[in-house]
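Colleague: I am new to this structure and would like to learn how to read it. Could we go through it together, one feature at a time?

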Amino acid sequence: MKDILKDLNKAFENRIRLGIMSALVVNDYLDFNALKNLLGVTDGNLASHLKSLEKTEYIRVQKEFLDRKPNTKYSATNEGKAAFLKHIKAIEQLLK
Amino acid sequence: MNFKVLFMNQQKYIDDLNEIKEMMNKSSKFISLSGLSGISAGIIALVGAYFAWINIYSETGYQNFDRALLSWEQLIQLLGIGFITLLLAVGFGIFFTRLKTKKAKQNIWDSQTKRLLINLLIPLLSGGVFCLLILLKGYIGLIAPLTLIFYGLALVNASKYTLTEVRSLGILEIILGLIATYFIGYGLIFWCIGFGVLHIVYGIIMEVKYKS
């Protein structure tokens, strides 16, 4: 029991961060607006959660210009994918 | 006390798992495909086939059902019928899907839609051009089987990015196309089954299954 709880990742406790990771592990990348539409959250809210996932190096940020407009792409790092998988497995263990 | 905390957490984790599943699906697949667009496409295809039938067999009569000899004029009319049928089917498809995305407050033109369309259109357009070329060479009998086969391949290819039922629909269309290749001359009948009946059946299944 204790071991399983250890595998639960604090970074994914929050529902929005959980949603961001879920979307990013099945897509090569998503831009800010795609994530915003998917999650239905405000710009500021999404930005702060993205920032915290970026700090833990679970996601990677890529800035580029599309038709002279800035476009930010987010993708999950290998570390992030592994951590997320571990988290899901821990939840499944807990529910068994 | 401890027990209560554990129980509350359990509910949270069940919700978490559901959220993960939903997010993975929503972000990678176009799931707002409306069953109604399938039904309408099927009905339009049947109406189109009826006009084509009148056009082909207007002079030869009922007796020579399996023999179709076409003049250039008829051929151009047939292409016209085909084009209008396609336009109407796609138009209604977009209309019904739009209704559904609006209800779900989703954007119809997002990255999932684009990915779905690109993967659908690659086999479909290749098939379309191929069929036109074959038609110009005079192989009219092969048009119905080939359109069914290419449409089926397009559906199988696009099914990764949308509802899973689309894959089995595609496989059925391919099988039907192959059978139709053997029974050349009965193309219109197979065409009616593939584009008409199958669309209607699948449309109804999806409408019932995903009605929320």
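Modeller: Gladly! Let's begin with polar contacts: a polar contact is a pair of N or O atoms within 3.5 Å; within protein, one must be able to donate a hydrogen and the other to accept it, and residues adjacent in sequence count only if both atoms are side-chain atoms. Here, the side chain of B:Ser159 reaches the backbone oxygen of B:Val156 at 2.7 Å.

Colleague: What should I know about the model and its numbering?

Modeller: This is a predicted model, where local features need pLDDT of at least 70 and side-chain atom pairs count only at pLDDT 80 or more, while totals for chains, interfaces and linings use all residues. Residues are numbered from 1 along each chain as its sequence is written, chains are lettered from A and ligands numbered from 1 in the order in which they are written, and side-chain values use heavy atoms, leaving out hydrogens and water.

Colleague: Where is the place of B:Ser159 in chain B?

Modeller: Helices (H or I, at least four residues) and strands (E, at least two) are DSSP runs, numbered from the N terminus. Chain B has seven helices and zero strands, and B:Ser159 lies in the loop between α5 (143-158) and α6 (165-182).

Colleague: Is B:Ser159 buried or exposed?

Modeller: Buried means under 20% relative accessible area, exposed over 50%, partly exposed in between (1.4 Å probe, protein chains only). B:Ser159 has 5%, so it counts as buried. In chain B, 40% of the 212 residues are buried.

Colleague: Which residues is B:Ser159 in contact with, leaving aside neighbours within four places in sequence?

Modeller: Contact means heavy atoms within 4.5 Å. Those partners are B:Val166 and B:Arg167.
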